[in-house]
Amino acid sequence: MKRNGRAVRLLRTWREDYARRTLLSAGASFACTALFAVYNGYLGIRCGSVWHKSIAGFYLLLTAVRGSALLAERRVRARPAPEQERCRRRTFLVSSVLLLVLDLALILPVSMMVVLEKPVDLGLIPAIAMAAYTTWKVTAASLHIGRLRRNPGGNILLAELRTVNFIDALVAVLTLQNTLIMVERTAADENGMLPVSAASSGVIWGAIVAITLRMLQKGLEQTKP
């Protein structure tokens with residue numbers, strides 16, 4: 001009974017401690033993103049693939065953004081509250097600049113997806129599984145973004161980590177779109193899919209840039225005396 005009671009208390013604490021859940025989730029995403037970057041870098045070097053090299057560069061930058069936020073949050077926990085806020089705002093601004101660089105790095109892989117030059121080795125069933133995972137990823141990221149908007153005065157680094165997750169989810173949508181087109185396309189409809197791919201990719205990339213610029217503006221406002 002004591003063990004059951006302790007387990008219930010731990011579960012209740014876990015559900016109520018939003019900050020801890022965010023940091024653990026970001027830590028897991030950091031590890032997965034780093035592995036994905038290394039894997040794509042390996043494929044890019046081994047196969048001479050421009051796509052894999054470019055997407056590896058994107059995910060390395062994404063790893064750097066997540067890692068800087070996690071490291072900063074870990075370091076400031078033992079400091080006085082005013083110093084914590086200063087460090088968080090400074091890290092937020094630097095991360096916003098890195099995200100802007102990340103958006104520029106995304107131009108090459110997005111361009112390759114638009115012209116349907118991304119290598120795809122999936123069949124229909126793995127592509128459907130990828131669609132289900134991407135849907136879950138986007139839904140979860142959207143719910144957390146909505147929660148952050150309802151609580152704008154919270155920890156700025158936690159807000160940044162959730163925003164980065166949302167950007168990561170949008171990139172997953174881009175990749176999924178291209179994968180489904182490549183899996184089902186035929187020579188007859190290839191030219192017809194180019195305008196659709198270009199338009200949807202442009203809209204999603206534009207949304208990513210808009211989110212990044214909003215973060216940068218907020219970071220500049222936060223660091224004003």
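**A look at the core**

A: Starting at the N terminus, the elements of the protein run α-α-α-α-α-α-α-α. That makes eight helices and zero strands. Keep in mind that this is a predicted model. Of the 225 residues in the protein, 40% count as buried.

Now for the inside. The largest nonpolar core has 37 residues, and Phe58, Tyr59, Leu99 and Ile208 are the ones with the most contacts inside it. Which elements give two or more residues to this core? They are H2 (18–47), H3 (50–76), H4 (81–105), H5 (107–114), H6 (124–150), H7 (156–184) and H8 (190–222). The largest share comes from H7, with 11 residues.

Let's zoom in on Leu99, one of the residues with the most contacts inside that core. If you skip its neighbours within four places in sequence, Leu99 is in contact with Val65, Val164, Ile167, Thr212 and Met215. For the chain as a whole, take the contacts with a separation of 6 or more: 81% of them are between residues 24 or more positions apart.

Leu99 also turns up where H3 meets H4. Two packed helices are described by the angle between their axes and the distance between the axes. For H3 and H4, the angle is about 175 degrees and the axes are 9 Å apart. Angles over 145 degrees count as roughly antiparallel, so H3 and H4 are roughly antiparallel to each other. On the H3 side, the residues are Phe58, Leu61, Leu62, Val65, Ser68, Ala69, Ala72, Glu73 and Val76. On the H4 side, you'll find Gln84, Cys87, Arg88, Thr91, Ser95, Leu98, Leu99, Val101, Leu102 and Ala105. Sort the residues of this contact by class and you get 13 nonpolar, four polar and two charged.

A disulfide is a covalent bond between the sulfur atoms of two cysteines. This structure holds zero disulfides.

Follow H4 on to its contact with H5, where Asp103, Leu104 and Ala105 in H4 meet Ile107, Leu108 and Pro109 in H5. Here the angle is about 30 degrees, with the axes 5 Å apart. Angles under 35 degrees count as roughly parallel, so that is how H4 and H5 are described. By class, this contact has five nonpolar, no polar and one charged residues. As for H5 itself, its buried residues are Pro109, Val110, Met112, Met113 and Val114. After H5 comes Leu116, whose phi is positive, near 60 degrees.

One last stop: Ala37, found in helix H2. Is Ala37 buried or exposed? Its relative accessible area is 3%, so Ala37 is buried. Leaving out residues up to four places away in sequence, Ala37 touches Ala56, Tyr59 and Leu60. Ala37 and Leu61 are 24 residues apart along the chain, and their C-alpha atoms are separated by 9.2 Å. Leu61, in turn, is one of the H3 residues that meet H4.

Definitions and conventions:
Residues are numbered from 1 along each chain as its sequence is written. This is a predicted model: local features need pLDDT of at least 70, side-chain atom pairs count only at pLDDT 80 or more; totals for chains, interfaces and linings use all residues. Side-chain values use heavy atoms; hydrogens and water are left out. A nonpolar core is a set of buried Ala, Val, Leu, Ile, Met, Phe, Trp, Tyr and Cys residues joined through side-chain atoms within 4.5 Å. Buried means under 20% relative accessible area, exposed over 50%, partly exposed in between (1.4 Å probe, protein chains only). Helices (H or I, at least four residues) and strands (E, at least two) are DSSP runs, numbered from the N terminus. Contact means heavy atoms within 4.5 Å. Axes are lines fitted to C-alpha atoms, for helices over the stretch in contact, and angles run from 0 to 180 degrees between N-to-C directions. Angles under 35 degrees count as roughly parallel, over 145 as roughly antiparallel, 65 to 115 as roughly perpendicular and the rest as oblique. Ala, Val, Leu, Ile, Met, Phe, Trp, Tyr, Cys and Pro count as nonpolar, Asp, Glu, Lys and Arg as charged, and the others, Gly among them, as polar. A disulfide is a pair of cysteine sulfur atoms within 2.5 Å.
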